[in-house]
Amino acid sequence: MTDFIEPRKNSELGINSVPFVEVEQPGAAPLLEQAKGFWVTFSTMFKKNQTVQYPDVKAPTAPRFHGRHQLNRHPDGLEKCIGCELCAWACPADAIYVEGGDNTPGNQLSPGERNGAVYQINYLRCIFCGLCVEACPTRALTMTNEYELADDKREKLIFEKDDLLAPLRQGMLAPPHPMYPGMTDTNYYNGDVKEAHPSQQEQN
Amino acid sequence: MTTAELLGKDPGWIIAVKALIVFIICVVATLMAVWTERRVLAKMQLRTGPNRVGKFGLLQSLSDGVKLALKEDIIPAAADKVVFIIAPIIATAMCFMAFAVIPMTGVVNLFGHQTALQLTDLPVGVLYILAVTSIGVYGVVLAGWSSGSTYPLLGGLRSSAQVISYEIAMGLSLVAVFIYAGSMSTSVIVDSQHQNIWNAVVLFPSFIIYLISMVGETNRAPFDLAEAEGELVGGFHTEYSSLKFALFFLAEYVNIIAVSALATTLFLGGYHAPPGLGFTEQWFGGWFTFIWFITKVNLFFFIFMWLRATLPRLRYDQFMKFGWKVLIPGSLVWILIVATLRVLQQQGANRAVIIAFAAGVVLLMMAVSSLVDRSKKVSGEPLTEGEDPDFPVPSLPHLRSISVSGGQK
């Protein structure tokens, strides 16, 4: 009972010295004002509705929408990924797994010494923040606008390198094949290689 | 020949056929009503609504119904089994029965027989409808009670209180129609409107009161307190599943169509064409009157949808206050006025007296309403200063809390 605080009188506290202010309470609106709501719903019937008939009609996303990743290629078809694992280190959700590998004369996947031998993105973990894309030193990893990433098995949502690699476009050769004759990996990096060289095809 | 005499000559098989037709109309109308409601409501909310089953999603409610019927039927262990099963049957059967006295067409040729699409014509037809719909309330109460669960019980009691209160207002609004038409038979009321003008015009206050109370009566938004999802889970039918739930669902919609049909019959001239379009009544051998009937019923159904899309749900006490303190006294006053006018007319009072009476009523109303307004303005006396409030005050940095319940003084 020692720590009991004797309640003080309101007069001591000065509660009642707070001036009384009458607040304007809005009363019921006039009937016509209330009836306006009926016009809102009625006129809405004749407006264009906003529903997207999704599986039938796919509305385009915003241009920079963060969708599924893509591993890009150089114009001659070599992979841009050099297996540096910076994307994996940048990933806050620990969704990316990379194993680097050495490029050998018979197995040249990317320009320079190293390539990404194993590349996995786990879409059960990915939060599509795009930090991996920012981290990538060679612009190998970017994001597409593809958002239909649902499946019936967990395993199917771990995307392998084959699933992520960009398709071969015009003038590209499927790796492994040697680098463009006379070009170094720095030339590749600077964008000096514009297309595949016929000799690359032969030596493949 | 009156409709009652016409229907009296129906052979048994025609009556059976008509009963079947009425049943089919109710069920098909329900299916269409569910679809229409979902589409129109969606339109009012910038959505599309169901559009995948059949053309424009027309078969959506049918497939929903089939799905519902095929679901597992659960009877809770705490339920009173017999009553639990009987309740939805009562609710549904009574709604269908209300349709028996609604005249849906004029004189038509039904399988080579001259008759009207009206199952039977009672001299107390409208009273019969009120009676039957009241019995429908038993379905709701019993469903709530027999579920053996708290929320259904609350929902059931709310529903019954609601339906009973609004039935009084509804019944009173119909009295003016009876006085005016001089009969309670639906077909006679329709005929009397055909000879004069629609009751919706002459008895406008009754019409408005009926419109409001029919929404209350059918437990629909904004008066759907009994099924307030946020408060009572699902109301009286929380424990129902499968076909029994489907029956309640059916009952709700048949009930809506029934009150709409009654409104059409009593206030909008029934199956007759609007003034000026009387020639259409002869089209298709008189069957075109059915189109007029359906159109008018749909007009009321649209009002139901419109209300649901626009208004938020009322609080229970507001709702009851509105029913008992506004609708019922309003109805009573209006009935007094109508009755007085009617008697004056029948006794051949001259026009000046009638106008004087009407003017007197209007003046009286204005006086009363201005008094009400004045009484409203004196509100909220300011707190008297210097008195200690006897409620606890929370602690603030510069204030200590006041203990009201314990401690020493």
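Started with helix α6 (residues 150-181) of chain B. Its 32 residues should span 46 Å at 1.5 Å a residue, and its end C-alpha atoms are 46 Å apart, so the two agree. The expected span is 1.5 Å times one less than the number of residues. Helices (H or I, at least four residues) and strands (E, at least two) are DSSP runs, numbered from the N terminus.

The model is predicted: local features need pLDDT of at least 70, side-chain atom pairs count only at pLDDT 80 or more, and totals for chains, interfaces and linings use all residues. Residues are numbered from 1 along each chain as its sequence is written, while chains are lettered from A and ligands numbered from 1 in the order in which they are written.

Checked what follows α6(B). B:Gly182, just after the helix, takes a positive phi of about 75 degrees.

Next, the partner helix α9 (residues 204-217) of chain B. The axes of α6(B) and α9(B) come within 8 Å and cross at roughly 155 degrees. That makes the pair roughly antiparallel (an angle over 145 degrees). Axes are lines fitted to C-alpha atoms over the stretch in contact, with angles from 0 to 180 degrees between N-to-C directions. The crossing is left-handed, meaning the near helix is turned anticlockwise from the far one by less than a right angle; clockwise would be right-handed. I listed the contact residues (C-beta atoms, placed from the backbone, within 7 Å). They include B:Tyr166 and B:Met170 of α6(B), and B:Ile209 and B:Tyr210 of α9(B). By class, I get nine nonpolar, five polar and two charged residues.

Then α9(B) against helix α11 (residues 242-267) of chain B. Their axes come within 10 Å and cross at roughly 170 degrees. This pair is roughly antiparallel as well. Its crossing is right-handed. B:Phe207, B:Tyr210, B:Met214 and B:Glu217 of α9(B) meet B:Val259, B:Ala263 and B:Phe267 of α11(B).

Looked up B:Arg313. It is found in the loop between α12 (288-310) and α13 (316-346) of chain B. B:Ala91 is 222 residues away in sequence and 24 Å away in space, C-alpha to C-alpha.

Last, chain A. I find seven helices and five strands. Buried residues make up 20% of its 204 residues.

Technical notes
Angles under 35 degrees count as roughly parallel, over 145 as roughly antiparallel, 65 to 115 as roughly perpendicular and the rest as oblique. Two residues are in contact if their C-beta atoms, placed from the backbone, lie within 7 Å. Ala, Val, Leu, Ile, Met, Phe, Trp, Tyr, Cys and Pro count as nonpolar, Asp, Glu, Lys and Arg as charged, and the others, Gly among them, as polar. A residue is buried if 20 or more other C-beta atoms lie within 10 Å of its own, exposed if 12 or fewer, and partly exposed in between; C-beta atoms are placed from the backbone.
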